[in-house]
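Please look at the sequence and the structure before reading on.

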Amino acid sequence: MRPAPFAYERVESVEEMLEALARADGEGAAVLLAGGQSLIPRLNARLVRPRRVIDIDGIAALDHLELDQELRVGALCRHWRLEEATSLDGPWAALREAAAHVGLHPVRTRGTFGGSLAHADPAAELPLAAVTYGAEIELRSRAGQRRVAAEEFFRGPHRTALGPGEAIVGARFPSPKPDGVSAFAEVSRRVVGWPLAAVCVVLHAAEGVIQGARVGLGAVGPAPRRAIEAERLLEGSALESSAIDAAAVAAARACAPAVADGVDEDTRRDMVEALVRRTLAGLAGAVW
Amino acid sequence: MDVLRTEFTLNDMPIEVTLPVRATLADAIRSTGATGTRVGCEEGICGSCTVLLDGRPARACLMLAAQARGREIRTVEGLAAGGRLHPVQESFRRHRALQCGYCTPGFMMLAVGLLEREPNASPERVRAVLASNLCRCTGYAPIVDAVLAAQQALAGEVI
Ligand code: FES
Ligand code: FES
C-alpha cells in the first residue's frame, strides 16, 4: 500500500527543521522523517496519516559520531556507523553490539540513532543502551534546548518526553571508566528478529572487585529500565558465580514482561536470568 | 496531487523522475522501466526490493523517491557487463539458487553489497546477512552456497 497523501517538505539544517516543526504545530499531525525504517512501514500501512512530512534525512550537521572523553552521537548517525566503529571497544563494546542487533543489515544502512530513540519501541536496542550507559538525550525546539536523562525520556511503548515542536538532535554518553568492560545480548526467534529479552551490562573493576555496575533490561517492560537491585548485588563482588547468580535472579525479578509472541511472562523472565548470567560470566574473565 | 522531481543515478546513468511525493524509491526505479527490483511486502520485511544505495544494501520500499536525490542506486540491471553475467548471477544459475525468481534480484544485491565491502566475510557472516531477506522457494541452502561460491570466484578474479 502507499501512504495516505501528505504535504512534503525537505529541510537542510537544524534551524529549518525547528522552523518547519513550529509552523506545522498549528496544523497538527506533522512527523519528522529521517531514515524512515520504522516510519515508512507505518505510513505505507496507513497506521499513521500525517498531514505533513518534514524530511530531515539530509541534515548533514546531525550525522556525526564523536568519541573523546564522552561519546556524542548525532540524531542522524546511521546504525552501520556505530556497528562498524572499531574504536567502540571495552566499555563501549555493548553499544556497538547493540547497534549491530538493530533490525536487519539493509535496515542499518538507513536507520538512524535519533529515529530509534524517537520511535521508542520497548524492545529496541539503542534505547536500552542509552538507558544503561546513562546517556542524556539532547532536544531542541525553537524555544531552546534541554537535556533529558534517557531513563526519563522513555515513558512507555512509543511514548517519550518529546514535547510539541521538539526534536532529538543527539545524545551524550558520559565516559565510562576507561578500564571498564561491557556486553550486550538478546534472545529472539530468528537471528534477525525482534528480541524477546535483551540485556546490556557495563562494569568496571579495581583489583578484581566490581566498583560500578550498570545492568539494563530491554523488551521486558513498557520501556527499557535498569535492574538496580542486580547492580547493587554486583558492586563490591568479585563477579564470583554466587554474585552472578544473585544478580541474574534479581534482574529477572525486576522486570515485568507481558505475554507476547506466544511467549509467556515466566519464560521471558527466564530469558532475562539466562542473559544476565551469560553476559556476566563472559565478562568475568576480563575483570579478574 | 503533489508531485516532485527527483534526480539520482541509476546504474551509472543520471535519472530524473517526477512522481507523487508519497512514491517510494522502488516506485521511482520501476517507473524508469527497470522492473528487476521487485516489491513484495512494502514494509521492509521480505527484501525483494533490496538495492544498493551508495554501495550499501537498502530497502527501496522504505525510502521515499524524494530521499534518493543525488544518491547512487544500483539494481540487478547493473550487474551484468559486456554481455557477461556478474559472478553472483552466474553462481546463482549454477547452484540453482532460484525457482520462481521473485526474491532473486533482492538477494543478489544484498550479496553484491556484502561481498564488495567485505570480500573476506566469514561463512557465518554471509549467512547472517543473507538472513535479512526471505525466499519462499529454495529453502535458502542453494542461495548460501551460491554466494559462498561467488565469493571464491570474485577472490580469484582479483588475483
Ligand atoms: S518490498 Fe521492500 S522489503 Fe518487502
Ligand atoms: S525463488 Fe521464489 S521466492 Fe525465492
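## The sheet of chain B

Strand 1 (residues 3-10) of chain B and strand 5 (residues 72-74) of chain B run parallel and are joined by 2 bridges. Helices (H or I, at least four residues) and strands (E, at least two) are DSSP runs, numbered from the N terminus; two strands pair if DSSP finds at least two bridges between them. L10(B) has I73(B) of strand 5 of chain B opposite. This is a predicted model, in which local features need pLDDT of at least 70 and side-chain atom pairs count only at pLDDT 80 or more, while totals for chains, interfaces and linings use all residues. Residues are numbered from 1 along each chain as its sequence is written, chains are lettered from A and ligands numbered from 1 in the order in which they are written, and side-chain values use heavy atoms, with hydrogens and water left out.

The open sheet in chain B has 5 strands in the order 2-1-5-3-4, and the pairing is mixed. Strand 2 (13-20) and strand 4 (56-59) of chain B are the edge strands, each pairing on one side only. From one strand to the next, the twist averages 45 degrees.

## Helices of chain B

Helix 3 of chain B lies across strand 3 (50-53), strand 4 and strand 5 of chain B, and runs at about 35 degrees to strand 3 of chain B. Axes are lines fitted to C-alpha atoms, for helices over the stretch in contact, and angles run from 0 to 180 degrees between N-to-C directions. Helix 2 (residues 87-94) of chain B packs with helix 3 of chain B at an angle of about 130 degrees, the axes being 10 Å apart. These two helices of chain B are therefore oblique to each other (under 35 degrees counts as roughly parallel, over 145 as roughly antiparallel, 65 to 115 as roughly perpendicular and the rest as oblique). On the helix 2 side, V88(B), Q89(B) and F92(B) meet residues of helix 3 of chain B, among them T104(B), F107(B) and M108(B); contact means heavy atoms within 4.5 Å. By class, the contact of helix 2 with helix 3 of chain B has 7 nonpolar, 2 polar and no charged residues (Ala, Val, Leu, Ile, Met, Phe, Trp, Tyr, Cys and Pro count as nonpolar, Asp, Glu, Lys and Arg as charged, and the others, Gly among them, as polar).

Helix 3 (residues 104-117) and helix 4 (residues 123-130) of chain B pack at about 140 degrees, with their axes 10 Å apart. That makes helix 3 of chain B oblique to helix 4 of chain B. F107(B), L110(B) and L114(B) of helix 3 make the contact with R125(B), V126(B), V129(B) and L130(B) of helix 4. This contact has 6 nonpolar, no polar and 1 charged residues.

## The sheet of chain A

In chain A, 3 strands form an open sheet in the order 1-3-2, with parallel pairing. Strand 1 (7-10) and strand 2 (30-33) of chain A stand at the edges with a single partner strand each, so one side of each has no neighbour in the sheet. The twist averages 20 degrees from one strand to the next.

Strand 1 of chain A is joined to strand 3 (residues 52-55) of chain A by 4 bridges. E9(A) has I54(A) as its bridge partner in strand 3 of chain A.

## Where the chains meet

In all, 30 residues of chain B are in contact with 32 residues of chain A. The two chains bury about 2,700 Å² between them, 52% of it on carbon and sulfur atoms; buried area is the accessible area (1.4 Å probe) that two parts lose on being put together, summed over both. R22(B), R56(B) and L62(B) supply 24% of the area that chain B buries against chain A, more than any other three residues.
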